[in-house]
Every structure is written in C-alpha cells, then in structure tokens.
Amino acid sequence: MLERPPLSLYIHIPWCIRKCPYCDFNSHESGSPLPELEYINALLDDFNHEVARLENNDRELVSIFIGGGTPSLFDGKSYSRLLKDIESKLPFSEQIEITLEANPGTAEAARFDSYREAGINRLSIGAQSFDDECLKRLGRIHDAAEALRAIEIAKLAGFKNFNIDLMHGLPGQSSEQALKDIQKAIDCEPSHLSWYQLTIEPNTVFYSRPPTLPEECVLEDIQDNGQALLENHGYQQYEVSAYSKAGNASSHNLNYWSFGDYIGIGAGAHGKLTLIEESKLIRTHKMKQPNQYLNAINGRDAEIQEIAKQEMAIEFMMNSLRLRAGFSRAQFESRTGLGFDEIVKRVESLVERELIQMKNVERDIFISATPRGYRFLNSVIEEFL
Ligand SMILES: C[S@@+](CC[C@H](N)C(=O)[O-])C[C@H]1O[C@@H](n2cnc3c(N)ncnc32)[C@H](O)[C@@H]1O
Ligand code: SF4
C-alpha cells in the first residue's frame, strides 16, 4: 500500500560564469550582476506553493541540495534567509544534510564561512580533474591549483563532510592520467567522491563538435582500476557514480535513488511527490528560462504530470537498481502502490540469468543487481518496461 516516503528539497540556481562544452544542465551564462535578491524571493514564493501541495504538513525535510548551475555565485546571507524561511514552513529533521555545489573558480574563504553560518553542512566541489590540460579541454574556468585551493578553503571553513566531483574518459585522457586524478582526489580526504564517465549529450558543444574520446579498452581499464583504487582507500560504491567512506553516503542521493519524495524549486527544477489521499504519484517541472521563471506567478507555473500505473515499475527500477544495495519488496510496494506480484516473474527470470539477486531477510525480500547485472544495468532495467 502506498505510503509517504522521506521528503527532500532540491533548489536549482541556473547561472554559471561560463557554459562548459559538455554540459546539458539548465545553466546559463551569467550576465552580471545576478538578480540574487529577486531570485531568492522567487524561490520562497515557489516553495510556498509547493508546501501547499503537500497533503499534510507533519512532514519534515531529511535533506536539501542546492545545485546548479553554480550555487556558489550567491552569498551565504541569501541562503541564510532562504533556509530560515523554509524551516519555518517545513521542519528540518535532526540529521538534515544540506549540500551546496561549489565551482572552484568561485571559491572564497569568506563566502565558504558564510555558507557554514547559513546552516549548509556539506559542500560538493566540482573539481572534475586535477590535470590542467584536461581542465582546459573541458572548458573549465579554473585550473588544478584552484581546485586544490577550493578544497583547502572548504576544510578551513570547517566542512568535514564534502564531496569532490570528478569526471573520467575525458578527451585525450590516458588510463594513467585518470588514475592520477583519483589519487589526487583521495589525497584530499573527501568523505564522498562522485566519479562520472563523460557522456556526450545532445544540445552541447561537444555534441556538435565531438572531441576525440579514449578508446573502449582504455575506458574499461579506467573503470576497473579506478574502482579498485577507490575501494582500496575505503571508498565504497553505493550508486553507479557515487562512492563514500563508511557512513557518509549522501542522504539526498539515497532518498532520490530509492524513489523517495522531493520538492523541486528554481528554474527547470523537477520534483516528485506521493499524494496518498488521491492515491497517486506526481512529477512537477518548473519553467527552465531564468527570466521566465522570475516573471512567473502561481507556483512559478509548475507543470504537473501523474506517473502512470504502467510506468511505475520502470520508474522505480530506473532509480532503485542504481543503488548497490537495491531495494526491498516492502519498499517497492509502499513507494509505487503496486503489488510485488506485478514484477515477480520478471525478477525471477533475471535471477535465473544471474543478473539480479534476491535475499530473504526476516519477512522481507531484498533485491539488487549482481556484479554482472550492474555492468549491464540499462538492459536489466529495460526488462521492466
Ligand atoms: C550540474 S553539475 C554542477 C556542478 C558545478 N556547476 C560544476 O561544474 O562545478 C554536476 C556534475 O555533473 C557532472 N557532469 C556534468 N555534465 C556531465 C557530462 N556530460 N558527463 C559526465 N558528467 C557530467 C560534473 O562532474 C558536474 O560537477
Ligand atoms: S559549471 Fe557546472 S553547471 Fe555550469 S556549465 Fe559547467 S558543468 Fe554545467
């Protein structure tokens, strides 16, 4: 039976100093000065409309993720006002994780201090690589020294819990260079590492002018050796691209990937909510263009879409099977409103092909991809279409 899962909040800041040629996120080059005050006001208005959508306000927030774009273009004072107002409408759980994405090209000691003061307790630093040549080819606004400096500033500001974003499979990158990047990141002792293989996305400069990427055998070598290096240093993979020290998996990631609920505010932000009284799940989408978003009214004109019953299983699997730990039968039933019998035949067939494993624990069943299934995850997920 459908139950309300934990609730998170995603806040999107849609501006960057310069658009990176590989990026298809909703990020726009910032003409300066940014309308920081107006945007925070718009976010507050957006949030009020989203809270009104919740069926009961006993819910609390387990995590907040301020992503972008480049949220580190805004000052801590703006986030302080935003977070205080949010907390007055929806209580924060005692263990709330509040993350902000920071671009090393915008790192300043005073600014990072002001984030701590605002209540932000986790930083995600977009280093991408520690090789100047790779960073140049990626069109980044910072070099390797600035990335290391940003990490140092984060530590000095008291951020014990921080993530480093790294990418691999970069234009012209050798396996040795990719492993060197990981080693440099490990030497900075982050609690969490997000390690993404570069993908070429439509509507990007790299799509219209493709760079020369490493060959398949180099990519495989990077994947296998990179993973081993991370694991040898105590970074456990808990999701396709996410690694953490014990106890430092991101609550926001975990809630998102286990088909939890999240409110999405800001230009182009998405949300997902479980409405028990109407017995349905909805997705919300905000308008993408920052100027349109700023000028909109009524919940920033959210587009609402119900998740159709026939799409529920695949939507759930697209999230939960990305987690190494997978999901339980109880979780599947309470988060989709479907009975386990609706998928059991497909699960059993994948078990026979050694792509999925099932474990009985007490009165529940736990389902996850096998190491082989994890290698062919997209095909495994497609079985639930
Ligand atoms: C939305 S970006 C925001 C981070 C921040 N703006 C920055 O770039 O420093 C989140 C992360 O996604 C990753 N990413 C973005 N585009 C990607 C792509 N095409 N392929 C793989 N990873 C990508 C990068 O590691 C990036 O740090
Ligand atoms: S700084 Fe980050 S969000 Fe902005 S364009 Fe580059 S990758 Fe995209």
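Predicted model: local features only at pLDDT ≥ 70, side-chain atom pairs only at ≥ 80, totals over all residues.
Select Met358 first: its bridge partner is Ile367, in strand 17.

**The whole chain**

Now zoom out to the protein chain, which contains 16 helices and 17 strands. Its C-alpha trace spans about 55 × 50 × 40 Å along the principal axes. For 385 residues, a compact globule would have a radius of gyration near 21 Å, and the protein chain agrees, with 21 Å. Of these 385 residues, 40% are buried.

**Helix 1**

Select residues 36–53, which make up helix 1. These 18 residues reach 26 Å from the first C-alpha to the last, close to the 26 Å expected at 1.5 Å a residue. Which residues of helix 1 are buried? They are Tyr39, Ala42, Leu43, Asp46, Phe47 and Glu50. Looking down the axis of helix 1, one finds these buried residues within an arc of 140 degrees, so they line one face of the helix. Colour Leu37, Glu38 and Ala52 separately: they lie on the other side of helix 1 and are exposed.

**Ligand 1**

Centre the view on ligand 1, which has 16 residues around it; Tyr22, Asn103, Gly126, Asp165 and Tyr196 come nearest. Strand 4, strand 6 (122–128) and strand 7 (162–168) are the elements that each give two or more residues to this shell. By class, the shell around ligand 1 comprises six nonpolar, seven polar and three charged residues.

**Ligand 2**

The residues around ligand 2 include Cys16, Cys20 and Cys23, together with Lys19, Phe25 and Ser27. Gly68, Gly69, Thr70, Asn103 and Gly126 also belong to this set. The shell around ligand 2 divides into four nonpolar residues, six polar and one charged.

Remain at Gly68 and Gly69, and display the backbone. A cis peptide bond joins these two residues, with omega at about 15 degrees. Gly69 is found in the loop between strand 4 (61–68) and helix 2 (76–89).

Most residues other than glycine have a negative phi, and most peptide bonds are trans. The last two stops concern phi.

Select Phe259, in the loop between helix 9 (251–257) and strand 11 (261–265). Although Phe259 is not a glycine, its phi is positive, at about 65 degrees. Is Phe259 buried or exposed? Phe259 has 23 other C-beta atoms within 10 Å; the cut-off for a buried residue is 20 or more, so Phe259 is buried.

Finish at Ser279, in the loop between strand 12 (270–275) and strand 13 (280–285). Ser279 is likewise a residue other than glycine with a positive phi, near 55 degrees. Here 10 other C-beta atoms lie within 10 Å, and Ser279 is exposed.

Technical notes:
Residues numbered from 1 in each chain as written. Chains lettered and ligands numbered in written order. Helix = DSSP H or I, 4+ residues; strand = E, 2+ residues; numbered from the N terminus. Expected span 1.5 Å × (residues − 1). Buried ≥ 20, exposed ≤ 12 C-beta atoms within 10 Å, placed from the backbone. Arc of directions from axis to C-beta. Near = placed C-beta within 6 Å. Nonpolar A, V, L, I, M, F, W, Y, C, P; charged D, E, K, R; others polar. Pairing = 2+ DSSP bridges. Rg over C-alpha atoms; globule rule 2.2 N^0.38 Å.
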